[in-house]
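I opened my notebook to look at a couple of helices today. Come and read along with me.

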Amino acid sequence: MAKLVLIRHGQSEWNLENKFTGWVDVDLSEKGVEEAKGAGKRIKDAGLEFDFAYTSVLTRAIKTLHYVLEESDQLWIPETKTWRLNERHYGKLQGQNKAEAAEEFGDDQVHIWRRSYDVLPPLMSPDDEGSASNDRRYANLDPHIVPQGENLKVTLDRVMPLWEDQIAPKLLDNKNVVIAAHGNSLRALSKYIEGISDDDIINLEMATGEPVVYTFDDKLNVTDKTKLGK
Ligand SMILES: O=C(O)[C@@H](CO)OP(=O)(O)O
């Protein structure tokens, strides 16, 4: 019975400041570090042993993974960093305060941008200063697929190749996998794993630093979902 553990990174500096973050590479806050360490302790207490680890190319998720693995004495396991697990790209909203955006555009519009499945945020241009097109870490990505803003659907579309080519084969081989990533890249993956509808995904929230443990049968059906709550 293979296990997959999803962990949203601990609170970031911009979660604390209530700013749209997306692909901006902000660090964990002090509270976020404690949340990540706490998640690692609960994983250790639950006796969860991993064979492979995955994370994004963003500092807050990478550090969360490392705190989790350190606290659970598993810092040695193979680890892959991939842009496919990055947070959903929030386009031009990145850096804006969410409350100020709600005043400017209305609560409903901001809620739709944040939680709908297929509404795109206002897009950046590749020439914009903060565009991922100008970031060295994406230099080996086909420039046509570097996002300038994503909805959850587009996010799921770019997470799926990772699931199909790497995660699912390992689970089918009875290996345990841990993924430390982001609220929306993990909502997208959970939507697929749990078969959540396009309409219902609006209600799924991921808490920071709270491991979600899925157990699968040998046909990759979920037989159990447990949250290791704070
Ligand atoms: O700003 C973001 O990138 C995300 C995650 O913190 O925010 P939201 O929960 O609004 O999708």
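**Two helices, looked up one by one**

I began on the outside of helix α2: the exposed residues E30 and D45 sit on the face turned away from its buried side. I kept in mind that this is a predicted model.

Next I checked the length of α2. The helix runs over residues 30-45, which is 16 residues. From its first C-alpha to its last I read 23 Å, close to the 22 Å expected at 1.5 Å a residue.

Then I asked myself: which residues of α2 are buried? I found G32, E35, A36, A39, G40, R42 and I43. Looking down the axis of α2, I saw that these buried residues fall within an arc of 165°, so they line one face of the helix. I also looked up their partners: the buried residues of α2 pack against β1 (3-8) and α3 (59-71).

Following the chain on from α2, I came to G47, which has a positive phi, near 70°.

For the buried residues of α7, I wrote down N184, S185, L186, R187, A188, L189, K191 and I193. What do they pack against? My list for α7 reads β1, α6 (152-172), β4 (177-181), β5 (212-216) and β6 (222-227).

Conventions. Residues numbered from 1 in each chain as written. Predicted model: local features only at pLDDT ≥ 70, side-chain atom pairs only at ≥ 80, totals over all residues. Helix = DSSP H or I, 4+ residues; strand = E, 2+ residues; numbered from the N terminus. Expected span 1.5 Å × (residues − 1). Buried ≥ 20, exposed ≤ 12 C-beta atoms within 10 Å, placed from the backbone. Arc of directions from axis to C-beta. Contact = placed C-beta atoms within 7 Å.
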